Amino acid sequence: MNKRIVIIGAGTMGNGIAHTFAQTGYQVSLVDVSQEALDRGLKTITSNLDRIIAKGNLTEQQKSTTLNNITTFTTLEEAAKDADLIVEAATENIDLKLKIFRQMDELAPENCILATNTSSISITKIASVTSRPEKVIGMHFMNPVPIMKLVEIIKGYSTSKETFSEIFELSKALGKVPVEVNDYPGFVANRILMPMINEAIETLYNGVAGVEEIDTVMKLGMAHPMGPLQLADFIGLDVCLAILNVMHDGFKNPKYAPCPLLVNMVTAGKMGVKSGEGFYDYAESKKAEKVAAAFLK
């Protein structure tokens, strides 16, 4: 499947998705609003490739080929003109995603599939602002993308069988394990994960136990590789809050209401790893070491 892939967003998810496609041999156009953001994304990809080399799972030549497969753009118009697939990986904000999808629909060729990496927002709603809802689909990758095998493939109300089949097979070609999911708030992964993370935050908020104690119980008692509070830091507390708000609005059920502590931490700018502080301290000197220890064992 010889496809021209465009990734919108060079942040945590976007650069991970670009890395994965490029390492698998696809030509990737990585788009962000500034060259600075693109440079940061490429720096992260390079660092992650170096870690894979250190583990003996990649050669220097493969690293060079992977990086050469990525071209950066600060405007979508140029990147999208020959695209076969565009994957939007912008911030989990419905207004921003709808704006981007209108642009994608306007600029991409008629046969181009438009995918979103949203972790909770309705694919049907996103598709509704395009003229090709049958070609709109969800590709929810897990973080860190180069390592995690799962991809939720979410069908909107109008997503065609052909589009679904093509993206399902493409995900397998990336070495991922795609899972078919229908379009409901939070899909499967976050509908189950976020209430657990929110309950862990409520447990801390209510003074039942401390941060490390809560995470230790879940790691040792439930065999989770990472405690829920540490995982929330890694995902981004702002992302957790956004997903919970989408589910709370979508289901109108108080069980999805975000804990006041989570709301306050996000308001105070404590986003987790990305901001340097969340439930744990991620001073710059310790950040890479802690993230690597958690995922690159």
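At 15% relative accessibility, E92 counts as buried, a word that here stands for under 20% relative accessible area, with over 50% called exposed and anything in between partly exposed (1.4 Å probe, protein chains only). The model is a predicted one, in which local features need pLDDT of at least 70 and side-chain atom pairs count only at pLDDT 80 or more, whereas totals for chains, interfaces and linings use all residues. Residues are numbered from 1 along each chain as its sequence is written, and side-chain values use heavy atoms, with hydrogens and water left out.

E92 is found in the loop between β4 (85–88) and α5 (94–107), where helices (H or I, at least four residues) and strands (E, at least two) are DSSP runs numbered from the N terminus. Leaving aside neighbours within four places in sequence, E92 is in contact, that is, with heavy atoms within 4.5 Å, with K97, T118, S119, S120, I121 and A242. A polar atom of the E92 side chain lies 3.1 Å from the backbone nitrogen of S119.

The UniProt annotation "binding site", which comes from an unreviewed entry, covers E92, K97 and S119 among others, and D32 is also one of its positions; such annotations may be inferred rather than shown by experiment. D32 sits in the loop between β2 (27–31) and α2 (35–54), and D32 touches G9, A10, G11, A37, L38, F73 and T74, not counting residues up to four places away in sequence.

With neighbours within four places set aside, V145 is in contact with M13, G16, I17, T20 and K176. V145 and P254 are 109 residues apart in sequence and 31 Å apart in space, C-alpha to C-alpha.

| Residue | Relative accessible area |
|---|---|
| D32 | 17%, buried |
| E92 | 15%, buried |
| V145 | 1%, buried |

The strands named above belong to an open sheet of 8 strands in the order β3-β2-β1-β4-β5-β6-β7-β8, with mixed pairing; two strands pair if DSSP finds at least two bridges between them. β3 (70–73) and β8 (177–182) stand at the edges, each with a single partner strand, so one side of each is left without a neighbour in the sheet. Elsewhere in the sheet, β4 and β5 pair in the parallel sense over 4 bridges, and V87 has A115 of β5 as its bridge partner. Strands β7 (residues 150–155) and β8 also run parallel, joined by 6 bridges, with I154 partnered by V181 in β8.

Strand β5 (residues 113–116) is covered on both faces, with I113 and A115 buried on one side and L114 and T116 buried on the other.

Helix α10 (residues 228–235) is largely enclosed by the rest of the structure, because 6 of its 8 residues are buried. These buried residues of α10 are P228, L229, L231, A232, D233 and F234. Just after α10, G236 takes a positive phi of about 110 degrees.

Definitions and conventions: Polar contact = N/O pair within 3.5 Å; in protein donor to acceptor, adjacent residues only side chain to side chain.
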